[in-house]
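Open the model in your viewer and follow the stops below. Each one says what to select and what is there.

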Amino acid sequence: MSTSNFTRRGVLKTGAIAGAGVALPTIFTAGSASAFTNEPTGSTVKLGFNVPQSGPYADEGLDELRAQKLAVEHLNGGGDGGMLSTFNSKVLDGTGILGKKVEFVTGDTQTKSDAARASAKSMIEKDGVVMINGGSSSGVAIAVQGLCQEAGVIFMAGLTHSNDTTGKDKKANGFRHFFNAYMSGAALAPVLAKAYGTDRKAYHLTADYTWGWTQEESIASATEAVGWQTVKKVRTPVGAGDFSSYITPVLNSGADVLILNHYGRDMINSITQAVQFGLRDKMVNGKQFEIVVPLYSELMAEGAGEAIKGVYGSMNWNWQLDNPGTKAFVKSFGEKYGRPPSNSAQTCYVQTLLYADAVQRAGSFNPCAVVEALEGFEFDGMGNGPTLYRAADHQCFKDVLVMKGKENPTNQFDILEIVELTPRAQVEYAPDHPMFAGGNLGKCNPGA
Amino acid sequence: MDQIILQFINGLDKGSAYALIALGLTLIFGTLGVVNFAHGALFMLGAFCAVTLQRIFTLSAETIDPTQKDFLGNPLVVKTPYVELWFGPDMGASVIHWSVPLAILFAIPIMLVIGYAMERGLIKHFYKRPHADQILVTFGLAIVLQEIIKQFFGANPIPTSAPPVFAGSFDFGVLLGFDANTIIYPYWRMIYFLFSTVIIAAVFAFLRFTTFGMVVRAGMADRETVGLLGIDIDKRFTIMFALAAVVAGLAGVMYAPINSPNYHMGMDFLVLSFVVVVVGGMGSLPGAILAGYLLGVLESFASMNAVKEILPGIDQIVLYLTAIIILLVRPRGLMGKRGVMED
């Protein structure tokens with residue numbers, strides 16, 4: 001005889017109750033009052049920090065995360081408040097965002113588009129974040145920006161320098177504080193012309209993906225405008241490691257400047273090897289051969305060591321800038337982590353505060369309200385001088401820094417020096433500029 | 001013409017790294033029959049031996065200099081390497097500058113121990129398992145080693161320079177009757193090429209002219225018979241594994257000034273070196289060397305602008321294309337032997 005307690009009716013009843021239980025949260029979230037994706041209902045709001053925690057840019061991701069944690073601390077009233085005291089918009093008061101305590105989750109982009117999308121998706125769907133911030137590659141930024149647009153959350157880009165992020169791939173839900181390749185060209189070209197003359201022949205080595213292509217186009221066009229010739233543009237595979245077979249053809253190409261449109265590990269290897277090949281000791285066309293690295297980062301400079309001495313490049317921001325926002329940020333970051341922040345850390349920190357400020361001003365977490373608050377927003381006190389978030393393409397416009405590898409560094413952080421602070425007016429362009437053409441912001445998507 | 005000579009030299013230089021790594025891979029495969037995916041990680045560990053020695057030499061005494069300020073405006077902590085305090089600034093600085101060549105001596109015992117521990121601790125348990133299991137476990141080991149290095153040294157490449165006396169370039173052009181400065185090649189890369197030929201010659205001489213080498217070769221040809229003769233061939237094969245680890249490690253040490261060491265550099269080389277081994281013929285040592293140099297030269301020529309104008313993108317696929325063609329024409333690779341990996 002069976003002694004089991006299971007009966008057909010019992011199983012059906014339990015099943016029905018369990019089924020209703022499982023369905024309950026969806027009934028509430030799907031059908032009820034929610035006007036947009038992940039509307040925060042409790043006393044907290046969650047942000048998603050999607051940065052490279054593994055892979056080649058893990059150190060840069062770590063620095064971004066430090067800054068993002070600091071931003072959350074400041075938003076919740078902890079620490080010394082950092083840039084909240086210098087930011088000219090005064091709506092943030094250290095009580096979180098709209099009175100809700102700020103929490104965060106992190107994702108690992110691995111600097112791969114598919115991994116970055118997967119981690120962003122998980123943060124949106126499982127953790128319920130209202131905003132995604134961070135990243136250190138344009139390939140990743142464009143992929144995650146597209147995802148955020150579809151999902152109905154705000155994307156506050158981290159380090160992304162390709163023209164396409166706010167050009168042909170721009171999205172209404174996406175915002176970029178970082179500068180772009182066009183701006184690097186516009187800032188660098190006059191300085192290069194002054195330092196190396198207007199009669200120069202340039203040879204480009206370019207990382208073969210969206211960022212490399214747009215930087216090559218931007219730098220070539222800006223340097224040609226000051227009289228330089230472009231001898232050759234050569235694409236190199238990302239992660240090539242040994243660039244010697246691309247550097248040897250430069251030797252007798254007639255070029256007297258080598259422009260390295262490389263970033264991260266590629267840049268460290270290509271510049272180190274170019275210097276080993278004696279390019280910087282060479283005289284061509286009666287002139288000293290020169291190397292230019294249009295986009296610099298502190299970590300790259302550290303990795304390249306001696307090779308970058310005297311080499312020109314550009315940056316979005318640097319800790320040595322002399323303004324109250326920079327000073328406040330460097331102080332709170334430096335005291336907490338024992339090192340000055342990188343320019344990718346600054347952009348992530350500022351983006352997080354700008355998002356919080358926009359929500360506070362809009363009085364709502366609704367992405368469409370946030371978009372409206374950020375579009376055309378003019379602000380100051382965040383370390384970059386007076387800055388505009390242009391409505392037409394969601395690109396920030398501000399001064400650009402022209403940098404040079406320092407000849408005699410006094411300590412490990414003292415590797416780059418600011419050569420010029422190029423005024424915003426010089427790097428501005430029309431929203432329909434050919435290098436940015438082809439995209440459409442579209443409409444903001446609140447999701448849900 | 002100058003371009004062709006330049007790319008040929010470059011190809012030999014590139015090929016020497018491929019040949020060295022493929023040599024170690026083939027040694028392990030030929031003796032132990034293990035497909036070692038952790039071989040790239042051994043190359044990377046070698047490069048980090050150079051980094052570690054550089055770090056040891058630059059261990060510094062810290063003094064506070066109130067006249068200078070750090071980035072927060074506090075008095076600057078000035079670091080002076082102990083070697084400069086002990087041996088004087090000039091001697092100390094040259095010790096630091098010579099850290100890469102000195103790291104060869106440092107790396108040999110370390111790589112021997114790592115190789116021995118790896119074989120005895122992990123790989124020996126996989127001899128009787130299918131190749132797929134061996135690949136999985138060694139690949140897993142490579143990832144573990146990579147992450148350990150990343151934990152200690154970070155993900156950013158670490159500049160590790162060659163001694164300043166080797167900083168310049170050698171002018172081949174003048175020797176060959178070209179204008180000065182048309183065909184120049186960095187000294188350090190030439191040293192790398194010479195170093196690799198010395199190592200390759202040493203490995204071959206060891207296998208050819210020593211009793212130990214003879215037994216190992218006999219074991220490679222017929223393991224069972226050698227075992228029946230009362231020789232403990234396993235023990236010798238363990239030593240060969242450790243030796244292969246040393247070869248990979250030394251290749252890494254000397255490569256450090258060419259490619260700033262980072263935790264992932266082994267993986268970048270691993271796939272390439274397997275292509276080299278397959279093209280050369282599984283288990284064939286001369287095949288691995290020949291294929292290493294051949295693919296290095298082909299890769300260099302494919303990067304020439306004149307070639308790329310005819311075949312765009314050829315530089316990125318040339319190695320794999322060559323591998324496909326060779327496998328179609330000679331399925332056992334250039335110098336592969338019948339019966340290897342065919343049972």
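How far apart do the C-alpha centres of domain 1 of chain A and domain 2 of chain A lie? They lie 30 Å apart. To see them, select 44–179 + 319–398 of chain A for domain 1 and 182–315 for domain 2; the bounds come from an automatic or database domain assignment.

This is a predicted model, in which local features need pLDDT of at least 70 and side-chain atom pairs count only at pLDDT 80 or more, while totals for chains, interfaces and linings use all residues. Residues are numbered from 1 along each chain as its sequence is written, and chains are lettered from A and ligands numbered from 1 in the order in which they are written.

Next, show the contact between chain A and chain B, to which each of the two gives 40 residues (contact: C-beta atoms, placed from the backbone, within 7 Å). On the side of chain A that touches chain B there are 15 nonpolar, 16 polar and 9 charged residues (nonpolar: Ala, Val, Leu, Ile, Met, Phe, Trp, Tyr, Cys and Pro; charged: Asp, Glu, Lys and Arg; polar: the others, Gly among them).

Last, select residues 265–280 and 314–329 of chain B, helices H12 and H15 (helices are DSSP runs of H or I, at least four residues, numbered from the N terminus). Their axes, lines fitted to C-alpha atoms over the stretch in contact, come within 10 Å and cross at roughly 25 degrees. H12(B) and H15(B) are therefore roughly parallel (angles under 35 degrees, taken from 0 to 180 degrees between N-to-C directions). Show side chains: B:Leu272, B:Val275, B:Val278 and B:Val279 in H12(B) meet residues of H15(B) including B:Leu319 and B:Ile326.

Definitions and conventions:
Helices (H or I, at least four residues) and strands (E, at least two) are DSSP runs, numbered from the N terminus. Angles under 35 degrees count as roughly parallel, over 145 as roughly antiparallel, 65 to 115 as roughly perpendicular and the rest as oblique.
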